[in-house]
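Subject: Handover of a structure and notes on it

Dear colleague,

Please find below the structure that I am handing over to you.

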Amino acid sequence: MPDVAIRVENLGKSYQITHSTRSGYKTLQEDLLRLLRQPFSRSASKRETFWALRDISFEVKDGEVLGIIGRNGAGKSTLLKILSRITKPTTGSADVYGRVGSLLEVGTGFHPELTGRENVYLNGAILGMSRREIERRFDEIVAFAEVEQFLDTPVKRYSSGMYTRLAFAVAAHLDPEILIVDEVLAVGDSKFQEKCLGKMSDVAHSGRTVLFVSHNMAAVQQLCSHGLVLEMGKTVFSGAAGEAIDYYLTSGAENIAMTDLSERRDRKGEGNLQFTAVEVCNAHGKPIQSILSGQDLLIRFQYHCNQPAARATINLAFNVYNIYGVLLTNLNTRDVDKMELPIGEVGYFECHWPHFNLRSGIYNCALFCEVNGRIEDWLQSAFQLHVEDGNFHGTGLLIGREQGDVLVDYDWAAQPDAQLAIQS
């Protein structure tokens, strides 16, 4: 069909894994003696069939940008290798209609003894570019990589950053009808990553069909219109990119999102009320394994109380620290005038954090509870918040790491002032 760029039907890929039943390591002498004594015996081993992909079916329309997400080992890279014709499927079929360019591993095909200039031609040829195409895009590739000064130096003398910049620049300036991309935005420093994302955005919005694999949910959110979630080699969700990201963040998070505090022995306080668990949820109360900056957050603090009260004066708080131990914020009931609360024998307190405004990273949180003027429970390093960059400002643009940990809602405007012009 002319409007379909990729069609995958019941695709599967299996590998044979051999497990030796022999105990320990044997020396060469021991192996030779065994062959002399039992020349026709085979070494004891057990074979297992491992399915990296199984029963995968989907279609990608012309000009569609599909984000493929999943945890490590889900089968994402195997799927892209099959679509790139690097490996054959075991079952099913994968039909690709159009010229394919693949960015599966940045730097594949670079020769350390050749110069940067020579490797541009070599790598371009490996990626399917003609010599005329390479010459036409050569200056653009070199300018993007920012290695003009070292272009005639063997790449074995390049730093890892220079090497990856040049490799990405060659791959990113392909002109295929279908572009297959696997985690290439994880190269270089933050400034170059932002530059790479801008280039990928240009490709994604140019009308070309793109398959994009990344653990960067903000990049998937920005670049992709649709999403496919893989889990243990199978498709578990297919739909709009935002819905796919939400499914990925919430699936299997019930245990990951819950921090058990019931056995903690490093707590301070009277102990009549103690926190037993902390659960991080999205705005709908569903547990999530990591937070996207910009999303609405709900944190539940489960507790057990020896002295229930229909109404008590209570102060709850949790402090959020960055990895260097610097206090970023304190969220407490006193500042929002929520100190008169009922307390049961068991229950939970909820803290709603709208439009979560911290950057990607891991944040340590301390937890505190005071009832009727007495400290009942106080835990340092009670739980952690795992955060990924999201579309905080709603613009679809990533925010540079150098802009700090805390994000702020703001706007800019210009107000021409004729009176000010007269005075000046």
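The notes below set out what was found, topic by topic.

The model is predicted, so local features need pLDDT of at least 70 and side-chain atom pairs count only at pLDDT 80 or more, while totals for chains, interfaces and linings use all residues. Residues are numbered from 1 along each chain as its sequence is written, and side-chain values use heavy atoms, with hydrogens and water left out.

Sheet and strands

Helices (H or I, at least four residues) and strands (E, at least two) are DSSP runs, numbered from the N terminus. Two strands are said to pair if DSSP finds at least two bridges between them.

Strand 8 (residues 226-231) and strand 9 run antiparallel and are joined by six bridges. Glu231 has Lys234 in strand 9 as its bridge partner.

Strand 11 (residues 273-282) deserves a separate note. Is this strand enclosed or open to the outside? Eight of its ten residues are buried, so strand 11 is largely enclosed by the rest of the structure. Here, buried means under 20% relative accessible area, exposed means over 50%, and partly exposed lies in between (1.4 Å probe, protein chains only). Strand 11 runs antiparallel to strand 10 (residues 258-260), with three bridges, and Met258 stands opposite Glu279 in strand 11. Nine bridges join strand 11 to strand 13 (residues 297-305), and these two also run antiparallel. In strand 13, Gln302 stands opposite Ala277.

Two buried residues

Thr78 is in helix 2 and counts as buried, at 15% relative accessibility. Apart from neighbours within four places in sequence, Thr78 is in contact (heavy atoms within 4.5 Å) with Lys13, Tyr15, Ala52 and Leu53. Ser14 is found in strand 1 (residues 4-20) and is buried, with a relative accessible area of 16%. With neighbours within four places again left aside, Ser14 is in contact with Thr49, Phe50, Trp51 and Thr90. Ser14 and Phe50 are 36 residues apart in sequence, yet 5.4 Å apart in space, C-alpha to C-alpha.

Aromatic rings

How many aromatic pairs does the whole structure hold? The search finds eleven. Rings of Phe, Tyr and Trp (its six-membered ring) pair if their centres lie within 6.5 Å; planes under 30 degrees apart count as stacked, over 60 as edge-to-face and the rest as tilted. Phe110 and Tyr163 form an edge-to-face pair, 5.2 Å centre to centre with 65 degrees between the planes. Phe110 lies in the loop between strand 5 (100-103) and helix 3 (116-126) and Tyr163 in helix 5 (residues 160-172), so the pair ties together parts that are 53 residues apart in sequence. Phe110 counts as buried at 9% relative accessibility, whereas Tyr163 counts as partly exposed at 27%.

A tilted pair is formed by Phe318 and Phe383, 5.7 Å centre to centre with 55 degrees between the planes. This pair links strand 14 (residues 309-321), which holds Phe318, to strand 19 (residues 374-388), which holds Phe383, 65 residues apart. Both Phe318 and Phe383 are buried. These two residues also belong to one aromatic cluster with Phe275, Phe301, Trp353 and Phe356.

Nonpolar cores

A nonpolar core is a set of buried Ala, Val, Leu, Ile, Met, Phe, Trp, Tyr and Cys residues joined through side-chain atoms within 4.5 Å. The largest has 47 residues, of which Ile69, Phe168 and Phe212 touch the most other members. Helix 5 gives the largest share of this core, eight residues. Another core, of 34 residues, lies apart from it and includes Phe275, Tyr303, Cys351 and Phe383.

Yours sincerely
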